[in-house]
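Subject: Structure for you to look at

Hi,

Here is the structure I promised to pass on.

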Amino acid sequence: YFAFGFCFFALFFNLGKPALWQDEAETALYGRSVLMHGYPNVHIGNNLITAQPTLQPYESNSRGAWIWNTWIPCYLTAASYLLLGESTWTARLPFALFGLLAFLLAGRLFRYFDSNDPKQIQASGIALLYLGTNIPWLLFMRQCRYYSLTCAGTLAAVLSYRLLLKNSRWGQTALTASLLFL
């Protein structure tokens, strides 16, 4: 419980500070672009969105659609802006929530390795404690970037694969959904 509490606190405390840094700002601006155009467009008015001007010719197609990365983070940011308004806090919120989901999925995965052996149970608890108090991991999970989505999606895929191996009724569907998400 300590690890969950610390993880929750670290993910959400002061989420609106500091200001969005370069790549986070890019994702946030593409979120704004989704609200304006319906998809991530490299133009907001007369402004060009790019983190690396030398790569700008490769970041979009002829319609201005951003093709450099996946669009899921942009749509998550746009949804957060639409529901809660535009701010640094709302830009980071969906990613912090996925970070919390990743922590819970990791806990579920660690529980699969538990047995009646007290040493294995203890090792599982220590692994979860380490994850929940790992500052670099926590910082990545709260950024307005794809990092928490990748982490949660990968853990969901591993757990779904385990369901598939157990011939669970939902194993195939869960694995397909988690892999499509990734």
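A word on terms before the findings: I call a residue buried when its relative accessible area is under 20%, exposed when it is over 50%, and partly exposed in between, using a 1.4 Å probe and protein chains only. Bear in mind that this is a predicted model, so to speak of local features I need pLDDT of at least 70, and side-chain atom pairs count only at pLDDT 80 or more, while totals for chains, interfaces and linings use all residues. Residues are numbered from 1 along each chain as its sequence is written, and side-chain values use heavy atoms, with hydrogens and water left out.

Let me start with the aromatic rings. Rings of Phe, Tyr and Trp (for Trp, the six-membered ring) pair if their centres lie within 6.5 Å; planes under 30 degrees apart count as stacked, over 60 as edge-to-face and the rest as tilted. That rule gives 11 aromatic pairs. One of them is Phe4 with Phe103, a tilted pair at 6.2 Å centre to centre with 40° between the planes. Phe4 belongs to helix α1 and Phe103 to helix α5, so this pair ties together parts 99 residues apart in sequence. (Helices, H or I of at least four residues, and strands, E of at least two, are DSSP runs numbered from the N terminus.) Phe4 is partly exposed at 34% relative accessible area, whereas Phe103 is buried at 3%. The other pair I'd point you to is Tyr39 and Trp71: their ring centres are 6.3 Å apart and their planes at 25°, so they are stacked. Tyr39 sits in the loop between α2 and β1 (43-44), and Trp71 in the loop between α3 (56-59) and α4 (72-84), so here the parts tied together are 32 residues apart in sequence. Tyr39 is buried, with 16% relative accessible area, and Trp71 is partly exposed, with 29%. Ring pairs also link Phe4, Phe8, Phe12 and Phe103 into a cluster.

Next, the cores. By nonpolar core I mean a set of buried Ala, Val, Leu, Ile, Met, Phe, Trp, Tyr and Cys residues joined through side-chain atoms within 4.5 Å. The largest has 23 residues, and Leu11, Phe12, Trp137 and Leu155 touch the most other members. Two or more residues each come from α1 (2-12), α5 (88-112), α7 (135-141) and α8 (147-165), and α5 gives the largest share, nine residues. Apart from this core lies another, of eight residues, including Tyr30, Ile49, Trp66 and Ala78.

Leaving aside neighbours within four places in sequence, Leu11 touches Ala96, Gly99, Leu100, Leu138, Met141 and Arg142. Phe6 lies in helix α1 and is partly exposed, at 29%.

Grid points are joined across faces, edges and corners, and a volume is the space filled by probe spheres set on the points. The largest pocket holds about 350 Å³. Of its 15 lining residues, Tyr1, Ala3, Phe4, Phe103 and Leu128 are the closest to its centre. The elements giving two or more residues to that lining are α1, α5 and α6 (118-132). There is one cavity of 30 Å³ or more; the largest cavity has about 40 Å³ of space and is lined by Thr27, Trp66, Asn69, Thr70, Pro73, Cys74, Arg145 and Tyr146.

Finally, the backbone. Most residues other than glycine have a negative phi, and most peptide bonds are trans. Here the bond from Lys17 to Pro18 is cis, with omega near -10°, and Pro18 lies in the loop between α1 and α2 (22-37). Asn14 is in the loop between α1 and α2 too, and has a positive phi of about 55°; it is partly exposed at 43%. Asn167, in the loop between α8 and α9 (171-181), has phi near 60° and is exposed at 70%.

Cheers

Technical notes: Contact means heavy atoms within 4.5 Å. On a 1 Å grid over the protein atoms alone, a cavity is a set of points where a 1.4 Å probe fits but cannot get out, and a pocket is an open set with protein on both sides within 12 Å along at least five of seven lines; lining residues have an atom within 4 Å of a point.
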